[in-house]
Amino acid sequence: MLTDIRSQLNEELEAQFRAWGQPAYRVAQLLEWLYVHRAANWDTMTNLPRALQDELRKHYSLTALELIRKQGARDTTQKFLWRLTDQALIESVLIPANPALYGESSDRRTLCVSTQVGCAYGCKFCASGLEGWKRNLRVEEIVGQVLAVERWNAEESKVQSPESKVQNQEVEPSGQHPEPSVLHHASRITHLASPNPQPSTLNSQPRLVSNLVIMGMGEPLANYENLLKALRILNAPWGGGIGARKITISTSGLAPQIRKLAAEPMQFRLAISLHGATDATRNKIMPVNRKYPLSELAAACEYYQQKRGRMITFEYVLIAGVNDGLDQVQPLAALARRLKAKVNLIPYNKVDGLPWERPSE
Ligand code: SF4
């Protein structure tokens, strides 16, 4: 299996290009095709010499996620269902602008990204864990979710703009639209001004995704190495250009990996899927708590907080009769105060096949 080009860091590509005797500016050209134009095939890279294109084709794959279904209309939450090359399915969710998500004063569009196919952690209320864990996502499959949503957005706007249709005929080879099916959607998204607008060329709409939350399918910190490399690419100015402070990593409570994350140079935000403020309650719905009980989780969070000086968020999904009792209030408040954490209370959304209910107002 070839290494996918989107799993490669700038320095890895530079080393390879040096070995091929290619000048450094060719790497910059390639990266522009990948992360500004979001190219989905080699043929579109018209300013790279044919011999270099052939070399790239021989050494690297360039896969794109296949959009199977999109749900949700403009200015609402939009869910993207993707098929991977091994036919596995994953989801990403595009969340519209929100004035105060995860401690930010405001954001534009937040993409919730998956990190695994299925999940091994078996939280009792969660649909992702129902069929168990299948595999970790590869670096390019994590990076690819952002690029595929932005490419979808660029394709949508090409349908709207007559000028860009002319541009398209000039530059894009016929039949090369990466995801033609998405052009038929009736919904449209508004393009939001980007803090760092990219040059206006084919497929290079201003960045749509300004914030990431790593809390889709899977336990992110159980796919630590691939996730961290993907985030380096999505954070890099030559890559996704998304600021580390606009990236929130969520975990169900893998204490050792939280400590490891504290030592990373990038300033990510951390969110803990807490969902219970006592071991008794957490044990009922989150098997991970038996391995890393609250005392251990809290100590790891405290370490992260002290090391990074960043506010942690506790995600707390309220499930009727399970974790919404007044007995949870005092310990939750005490834990939040100790860790200077923000608490995000979320009423449970019913999942087919699971017995849990949303609490009353
Ligand atoms: S760790 Fe996250 S994805 Fe996995 S079962 Fe728990 S809530 Fe679901």
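1. Start with E141 and R138: in this predicted model, their side chains form a salt bridge, with N and O 3.1 Å apart. The two partners sit in different surroundings. E141 has a relative accessible area of 4%, so it counts as buried, while R138 comes out at 25% and therefore counts as partly exposed.

2. Next, have a look at R38 and E150. Their closest N and O atoms are 3.2 Å apart, and they form a salt bridge. This pair ties together distant parts of the chain: R38 lies in the loop between α2 (25-35) and α3 (50-59), E150 belongs to helix α4 (residues 139-160), and 112 residues separate them. Are these two buried or exposed? Both R38 and E150 are buried.

3. K229 and E12 make another salt bridge, with the closest N and O atoms 3.0 Å apart. Here too, distant parts of the chain are linked: K229 is in helix α6 (residues 224-235) and E12 is in helix α1 (residues 10-19), 217 residues apart. E12 has 30% relative accessibility, so it counts as partly exposed.

4. Now for the nonpolar side of things. In soluble globular proteins, nonpolar side chains tend to be buried together. The largest nonpolar core in this model has 92 residues, and L30, L212, F268 and F314 are the ones with the most contacts inside it. Which helix gives the largest share of this core? That's α4, with eight residues.

5. Finally, check how α10 (residues 294-308) and α11 (residues 329-339) pack. Their axes are 10 Å apart and the angle is about 30 degrees, which means α10 is roughly parallel to α11. On the α10 side, L294, A298, A299, C301, E302 and Q305 take part, and they meet L335, R338 and L339 of α11. Sort the residues of this contact by type and you get six nonpolar, one polar and two charged.

Conventions: Residues numbered from 1 in each chain as written. Predicted model: local features only at pLDDT ≥ 70, side-chain atom pairs only at ≥ 80, totals over all residues. Heavy atoms only, no water. Axes fitted to C-alpha atoms, helices over the stretch in contact; angles between N-to-C directions. Helix = DSSP H or I, 4+ residues; strand = E, 2+ residues; numbered from the N terminus. Parallel < 35°, antiparallel > 145°, perpendicular 65-115°, else oblique. Contact = heavy atoms within 4.5 Å. Nonpolar A, V, L, I, M, F, W, Y, C, P; charged D, E, K, R; others polar. Salt bridge = Lys/Arg side-chain N within 4 Å of Asp/Glu carboxyl O. Buried < 20%, exposed > 50% of the residue type's maximum accessible area, 1.4 Å probe, protein only. Core = buried A, V, L, I, M, F, W, Y, C linked by side-chain atoms within 4.5 Å.
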